[in-house]
Amino acid sequence: MEVLKYDKTGKESGKQQLNPAVFDVEVNYEAVKEYLLLQLSNKRRSNASTKTRSEVAGGGRKPWKQKGTGRARAGSTSSPVWVGGGVAHGPTGKNHTKKMPKKVRRLALRSILTDKARGGGLVVIEDISLESKRTKDAVAIINNLGAEKVLFIEPERVEGLELSTRNIPGVKTLIYKNINPHDLINHSKVVVLESALAKIEEVVL
């Protein structure tokens, strides 16, 4: 598997050979789907939670005798018809957290990377630092890459790259160990810094 390689200015400089065990595998779309749903589900907050009549405080004693008062029969102050009582059929704070085996998560990431590489959506670039930390310099590189939504994958946090790109819409930087299906799929161009290639293999193999 080969993909385009770019120099530090974003100009094409040749081809980069990739590890077929990571970037040229059989794509498992079911694993990708499940991992993406897991990620989105785990981002959800729990719903509002209410207490039933068995969970509210009090209500253990009958408020008044059954007959002779002229009032409606009542057996407990925790009844839903009472102020301060329980809530009938209310939300119970469902937990949306999901889990998935590590092997399946890694298979999903390899599948996405493979699909990106085969479709031209993944390229390699020489390690850049952008010490000037100017957005103008980052925009020039991105324009040379010919893409609007770009995901840079770094071997470690590159402060200059992150500060230069954070104000550009659709552009994001990500450390290799934090790669995830949502960001990989949501960006049309995945740009891997050259020294991050070997580190990605540590995460997905």
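Predicted model: local features only at pLDDT ≥ 70, side-chain atom pairs only at ≥ 80, totals over all residues.
Residues are numbered from 1 along each chain as its sequence is written, and side-chain values use heavy atoms, with hydrogens and water left out. Local features need pLDDT of at least 70 and side-chain atom pairs count only at pLDDT 80 or more, while totals for chains, interfaces and linings use all residues.

Helices (H or I, at least four residues) and strands (E, at least two) are DSSP runs, numbered from the N terminus. Strands β1 (residues 2–6) and β2 (residues 12–17) are paired in the antiparallel sense through five bridges; pairing requires that DSSP find at least two bridges between two strands. Glutamate 2 lies opposite glutamine 17 of β2. Five residues separate the strands of this hairpin, in which glycine 10 adopts a positive phi near 90°.

Helix α2 (residues 29–43) comprises 15 residues and spans 21 Å from its first C-alpha to its last, close to the expected 21 Å (1.5 Å times one less than the number of residues). At its start, a side-chain oxygen of asparagine 28 comes within 3.2 Å of the backbone nitrogen of glutamate 30. The buried residues of α2 are Ala31, Val32, Tyr35, Leu38, Gln39 and Ser41 (buried: under 20% relative accessible area, 1.4 Å probe, protein chains only). These residues pack against α3 and α6 (181–186).

Helix α3 (residues 102–118) contains lysine 116. Lysine 116 is buried but forms no salt bridge (a side-chain nitrogen of Lys or Arg within 4 Å of a carboxyl oxygen of Asp or Glu); the nearest side chain of opposite charge, aspartate 115, is 6.8 Å away. Beyond neighbours within four places in sequence, lysine 116 is in contact (heavy atoms within 4.5 Å) with Gly121, Leu122, Leu184, Ile185, His187, Ser188 and Val190.

Notes:
Buried < 20%, exposed > 50% of the residue type's maximum accessible area, 1.4 Å probe, protein only. Lys, Arg positive; Asp, Glu negative; His and termini not counted. Polar contact = N/O pair within 3.5 Å; in protein donor to acceptor, adjacent residues only side chain to side chain.
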